Amino acid sequence: MTGPVIDRRSALALIGAGAALPAAGQAATPAAASFAHGVASGDPATDGAILWTRVTTDAAAVPVRWSVAESEGGKPVASGTAEARAARDHTVKVEAGRLKPGRDYWYWFEAAGTRSPVGRFRTLPEGKAADVVMAVVSCQLYANGLFNAYDAIAREARLDAVVHLGDYIYEYDPLDYGGANARALNRLVKPDHEIVTLADYRARHASYKTDADLQAAHARAAFICVWDDHETANDSWTGGAENHQPATEGDWKARKAAAIQAYFEWMPIRDPIPGKTWESINRSFQFGDLATLLMVETRLLARSQQADEVVKPVDAASIAAVLKERARPDREMLGPPQRSWVEQELKASVAAGRPWQVLGNQVVMARVPGPDIVKLAGPEKAAAMLAALPPAVATRLKTAQAGFRAGLPYNLDSWDGYPPARQRLYESFRAAGSRPLVLSGDSHAFWANDLFDDGGALVAVEFGTSSITSPSVGDSLSGVPLGQMLEAAGEEVVFCDQRAKGYILLTLTPERARADYVAVSTILAKPYEARRIAAFEARAADKGSRLTRLG
């Protein structure tokens, strides 16, 4: 898929900018409210979806009216009122219902005489579904580049939903991560320090949602979201995070609660079910008789601390201890209640005759051995690669190589850091009679993987999406063909691109699942080009077969 070169223009011009609505026969008066953060929809159902906006106002509370129409510019077929209150950072979230399944709707908000931009969503199909088209996205570091991929998504001719696998925001000091590009592009988010408090997290979400390309993607289709680690702090787990220091940043539970509150305020996701914890955002979506999408939570509900955080520092003397910690059978990712839920949801989908079960999961699930560059490239080429790297990067790579040769996987924060928990999940796949399509993000790289259990049986296939803008390990290793080396290092990795930024366009039909890997030519400028760099297919009729590359 090669797209046209896209000229820079306001994406919101396509959907209508907010405008004051004067009363008939009267001159317009200054609006007491505006919609600077756009509109969004999410968590679609057969009869509706969650609708979201944020009102910019100085008032403590502002009445808001929402409307839904069957065509752009059409008369409302559903409407209601809400209130933008300071207690929720003036965000508004409502659930539109009593709509028809499997069709597009347009929606907007009005407050204090001002109308919001117009958004669009599609309700889930009911009964027979010929196909489903979803964009799969992850990891959008605002400071590091332009959200060109979201502009491309907003221009997709057919799009039923956007599946967001996490890292919607980043908690870091914006000049500590992506700072060089942030200065060059003037993409400086607020606040200008690492975020810790509720006010901090709210301000960071607000900064991200001022981006016109992100607003356009939200206005194009409903998002089905789950968080990863950076919505709280890097490499988070149940008891803390690598990037949380209690001595200077306070209690982890307080920081986590602030982050989650801001997330539910600022994202188009259903609020927590009464009686369940805020962390329980695992949920499922039925796309007619075609597919079940399960969104799982792998960070805050049950995840054990990363093995290389339990054993520190990781060096030649501690590798054996890291491997021992990694292999502990009690280490968790999903936890028993969530894994049981996954198994029952998969079993119900199979019993209903749906050909596809899709797992919306944050981190790469495949076994990915760390590549030995000396073995793969030869001593002379490996030495030349190391010599060409900045000294600090070369030193880190040499340290990593020692661990890889001793048996450490490529990434201990992925499922590879939790092999017993992964095997338990694979057993649940088998018990349910399902070979799912696993979606993953987090790695800032594209992947196509065949997933095998400990006995060598193919249990699932994995489509991993790259980042929207976030830098990958491959970006820092200029001259090292990391993606190709990861493909060569193990059996499960069929395809890995460590440099491209973009998204996956996943198309499901009763016969096949096709993943198109769409990359943007640049994140540093406009215009840009969007093109398909690879495509893979799985067939419903032969779920014992491996992925097929189409191009």
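The crossing of helices α3 and α6 is right-handed. In this predicted model, the two helices span residues 198–208 (α3) and 252–266 (α6), and their axes come within 8 Å and cross at roughly 35°. Two packed helices are described by the angle between their axes and the distance between the axes. On the α3 side, the contact is formed by L198, Y201, R202, H205 and A206. The α6 side contributes R255, A258, A259, Q261, A262, Y263, E265 and W266. By class, the residues of this contact comprise 8 nonpolar, 2 polar and 3 charged.

The second largest pocket has a volume of about 410 Å³. Its lining consists of 21 residues, of which K276, S280, I281, N282 and R283 are the closest to the pocket centre. Strand β15 (283–287) and helix α9 (336–351) each supply at least two residues of the lining.

Most residues other than glycine have a negative phi, and most peptide bonds are trans.

D43, although not a glycine, has a positive phi of about 45°. D43 is located in strand β2, which covers residues 39–45. The relative accessibility of D43 is 1%, and D43 therefore counts as buried, the cut-off being under 20%. D442 is likewise not a glycine and has a positive phi, in this case of about 70°. The position of D442 is in the loop between β18 (437–440) and β19 (446–452). With a relative accessible area of 13%, D442 is buried, because that value falls under the 20% limit.

The peptide bond from K312 to P313 is cis, with omega near -10°. P313 lies in the loop between helices α7 (307–310) and α8 (319–326). A cis peptide bond also joins K526 and P527, where omega is about 5°. P527 is placed in the loop that runs between strands β23 (512–520) and β24 (530–539).

Technical notes
Residues numbered from 1 in each chain as written. Predicted model: local features only at pLDDT ≥ 70, side-chain atom pairs only at ≥ 80, totals over all residues. Heavy atoms only, no water. Helix = DSSP H or I, 4+ residues; strand = E, 2+ residues; numbered from the N terminus. Buried < 20%, exposed > 50% of the residue type's maximum accessible area, 1.4 Å probe, protein only. 1 Å grid on protein atoms, 1.4 Å probe; cavity = no way out; pocket = protein on both sides within 12 Å on 5 of 7 lines; lining within 4 Å. Points joined across faces, edges and corners; volume = space filled by probe spheres on them. Axes fitted to C-alpha atoms, helices over the stretch in contact; angles between N-to-C directions. Left-handed = near helix turned anticlockwise from the far one by under 90°. Contact = heavy atoms within 4.5 Å. Nonpolar A, V, L, I, M, F, W, Y, C, P; charged D, E, K, R; others polar.
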